[in-house]
Amino acid sequence: MSNENLGDSVENLLTENRTFPPSAEFAAQANAKPEIYEEAERDRLAFWEKQARRLHWDTEWSSVLDWKPPYVKWFIGGKLNASYNCLDRHVIEGRGNRVAFHFEGEPGDTRTITYADLLADVKKCANALTELGIKAGDRVAIYMPMIPEAAVAMLACARVGAAHSVIFGGFSADSLLARILDADATLVITADGGFRKGAAFALKPVVDEALKSKTNVRNVLVVKRTGQETAWSERDIWWHEALARQNPEHVAQPFDSEHPLFILYTSGTTAKPKGIFHTTGGYLTQAAYTHQNVFDLKPESDVFWCTADVGWITGHSYVVYGPLINGATQVIYEGTPDTPHKGRIFELVEKYKVSILYTAPTLIRTWMKWGDEFPNKYNLKSLRLLGSVGEPINPEAWMWYREVIGNNNCPIVDTWWQTETGAIMISPLPGVTATKPGSAMATIPGISAKVVDDEGIEVSKGRGGYLILDKPWPSMLRGVWGEDERYKETYWSRFKDLYFAGDGAKLDNDGAIWLMGRVDDVMNISGHRISTTEVESALVSHEAVAEAAVVGANDEITGQGIVAFVILRGGIPNVGGEELIQELRNHVAKEIGAIAKPRQIMVVAELPKTRSGKIMRRLLRDVAENRAVGDSTTLADPNVMKLISEGLNSGKSED
Ligand code: PRX
């Protein structure tokens with residue numbers, strides 16, 4: 001959302017005055033009690049030290065924090081192993097037989113994996129990585145479907161001190177290649193394919209395509225998931241063969257608190273994705289602390305299900321690291337929510353007696369659209385807490401989630417955070433906070449955020465502005481991989497020594513925080529960040545396109561949808577339009593991945609530009625959202641908008 005729209009939305013929210021305090025029963029048993037806020041307030045660093053003691057440290061830190069903006073270090077001098085904290089510790093302390101993952105494949109195959117099973121696989125995988133020459137400090141690209149081996153691969157990397165870079169399985173060969181090159185990965189871990197929407201899709205051929213270019217990748221380790229025919233070359237190794245020949249023992253070595261744990265690429269305002277870089281001690285501390293307090297996890301009795309793929313930060317922090325450190329039992333599911341039927345997620349909630357469900361507003365809105373009959377068919381009584389993440393949740397969807405999924409007795413935690421923040425930052429605490437539908441409410445204990453105006457001055461209650469974080473936090477990104485200037489420029493240049501998140505927010509009259517969406521050129525499609533520039537570059541890389549402008553338009557289901565305006569090259573006839581438009585949409589999917597496929601492409605003769613040549617996206621957004629076009633007096637050619645609006649419905653296209 002552009003900043004100029006913030007004011008209007010602020011007005012609308014002032015009318016939301018429903019609040020939902022936790023029930024007395026929930027509050028009485030909650031992990032986090034009201035005093036936790038005071039405790040953190042009293043001595044923030046002592047509070048974080050206490051949270052860090054959740055972990056097993058081979059060497060304790062000598063100082064808590066080293067903050068030289070914008071560079072931070074936490075728990076300096078401390079040494080630990082991430083994989084040991086997720087696995088060995090539970091087995092040593094007698095929890096080896098506890099289920100770590102109830103895995104459900106899309107075709108209905110299942111696996112029950114205990115902590116002891118998971119540790120055994122991770123040890124063998126760690127030995128296999130060592131055999132392949134992977135050492136501490138190396139980078140490993142992981143390109144996998146949502147199967148348990150994805151978590152095994154991540155934990156094995158962490159165990160040997162190699163940073164993993166997980167690339168979502170929906171990305172194209174070009175996107176994969178760009179990430180392999182940027183991180184200079186020397187190994188790729190993948191699968192032959194996975195199951196999605198009732199069919200097998202292939203992953204290995206995408207890796208082969210990417211590796212046609214010159215990289216430093218020496219080997220490709222391949223999990224056999226679908227059994228489909230797979231081309232093979234000398235650098236390829238089957239996962240099951242490599243693991244079978246390994247020594248089952250592996251002793252995890254401790255690494256420095258600031259040792260790299262992973263890189264995860266996310267879109268920024270330019271076409272090149274940013275490698276968000278996280279380290280070990282602080283990240284694990286905040287992942288574990290938030291997972292236990294925000295989700296109220298009771299590891300002996302809860303079944304936790306975060307529906308995110310490990311290709312996104314949510315899967316890193318709340319499928320792999322946070323829950324495993326806390327000894328949680330989880331559900332992981334490979335497929336889509338509508339395969340083989342629209343009640344699939346609810347069927348699995350019933351089957352595994354899921355008690356905590358964490359998902360995205362886009363899925364909640366999709367369920368609303370499908371109708372209540374699907375959730376109503378299943379017994380969802382096991383649920384006791386619901387979470388939301390990835391984009392603002394509109395009050396209607398929040399209420400539906402509460403009533404239809406939560407049977408009016410589950411607290412909802414709307415959690416705001418980012419790939420960059422590593423873990424939850426703003427959220428209700430479920431046994432403490434009286435929630436308002438659509439608001440993430442307040443920073444969690446230990447975290448500090450403010451809403452500021454253009455000058456960096458904190459706004460008063462009832463007003464909107466930019467969300468900033470004014471104190472360093474343990475799971476803060478440590479940089480953008482290989483791009484220090486970009487790190488400083490993107491996050492720290494807007495306001496001096498304050499982290500600028502890129503989101504608009506407002507404070508209501510009670511001081512509760514309402515997130516209002518991005519204020520930069522980043523779109524949020526189904527909770528995934530995609531930059532307008534990235535899609536524009538993909539479009540102009542097609543021979544038919546001379547110029548392109550992309551905006552995120554409101555979308556009932558996905559939050560925002562991608563709408564592109566393109567000018568064709570001279571001499572390219574736009575005959576009938578539709579065929580070329582389909583081709584352009586597919587071209588974007590091929591260049592970036594299916595998640596970036598524009599919802600709509602409009603062929604136009606001109607783009608609205610200021611006299612200095614800047615595209616006025618605000619006006620294009622008005623067109624894309626079917627609004628009257630706003631003030632266009634600064635346009636170089638005032639007639640352009642009329643021409644564009646007239647062509648509005650040509651080239652509308654839906655899948
Ligand atoms: O715009 C905010 C939105 O998602 C962005 C972060 O995206 P990503 O790094 O992909 O991480 C998504 C999962 C943590 C934010 O800048 N966002 C995330 N959670 C919320 C949200 N917007 C509103 N409410 C949320 N709860």
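User: Which helices or strands each supply at least two residues of the shell around the ligand?

Analyst: In this predicted model, helix α12 (residues 313-325) and the strands β20 (412-415) and β25 (513-518) each contribute at least two residues to the shell around the ligand.

User: How many residues surround the ligand, and which are the closest?

Analyst: The ligand is surrounded by 17 residues, and the closest of these are Asp414, Thr415, Thr419, Asp503 and Arg529.

User: And how do the residues of that shell divide into nonpolar, polar and charged?

Analyst: The shell around the ligand is made up of six nonpolar residues, six polar residues and five charged residues.

User: How far is the polar side-chain atom of Asp503 from an oxygen atom of the ligand?

Analyst: For Asp503, a polar side-chain atom is placed 2.5 Å from an oxygen atom of the ligand. Gln418 has a polar side-chain atom 2.9 Å from a ligand oxygen atom, and Arg518 likewise has a polar side-chain atom 2.9 Å from an oxygen atom of the ligand.

User: What share of the ligand's accessible area does the protein cover?

Analyst: On its own the ligand has 540 Å² of accessible area, and the protein covers 96% of that.

User: Changing topic, what kind of peptide bond joins Pro69 and Pro70, and where is Pro70?

Analyst: The peptide bond that joins Pro69 and Pro70 is cis, with an omega of about 0°, and Pro70 sits in the loop that runs between strand β1 (63-68) and strand β2 (71-76).

User: What about the bond that joins Thr339 and Pro340?

Analyst: Thr339 and Pro340 are also joined by a cis peptide bond, for which omega is about -5°. Pro340 belongs to the loop between strand β17 (329-333) and helix α13 (344-352).

User: Where is Phe75, and what is its phi?

Analyst: Phe75 is part of strand β2, and although Phe75 is not a glycine, its phi is positive, at about 55°.

User: Is Phe75 buried or exposed?

Analyst: Phe75 counts as buried, because its relative accessibility is 0%, and the cut-off for buried is under 20% relative accessible area.

User: Where does Asp296 lie, and is that residue buried or exposed?

Analyst: Asp296 lies in the loop between helix α11 (281-294) and strand β16 (303-306), and with a relative accessible area of 1% this residue is buried. Asp296 is not a glycine, yet it has a positive phi of about 55°.

Technical notes: Residues are numbered from 1 along each chain as its sequence is written. This is a predicted model: local features need pLDDT of at least 70, side-chain atom pairs count only at pLDDT 80 or more; totals for chains, interfaces and linings use all residues. Side-chain values use heavy atoms; hydrogens and water are left out. Helices (H or I, at least four residues) and strands (E, at least two) are DSSP runs, numbered from the N terminus. Buried means under 20% relative accessible area, exposed over 50%, partly exposed in between (1.4 Å probe, protein chains only). A residue is near a molecule or strand if one of its heavy atoms lies within 4 Å of it. A polar contact is a pair of N or O atoms within 3.5 Å; within protein, one must be able to donate a hydrogen and the other to accept it, and residues adjacent in sequence count only if both atoms are side-chain atoms. Accessible areas come from the Shrake-Rupley method with a 1.4 Å probe; for residues, only the protein chains shown count as cover. Ala, Val, Leu, Ile, Met, Phe, Trp, Tyr, Cys and Pro count as nonpolar, Asp, Glu, Lys and Arg as charged, and the others, Gly among them, as polar.
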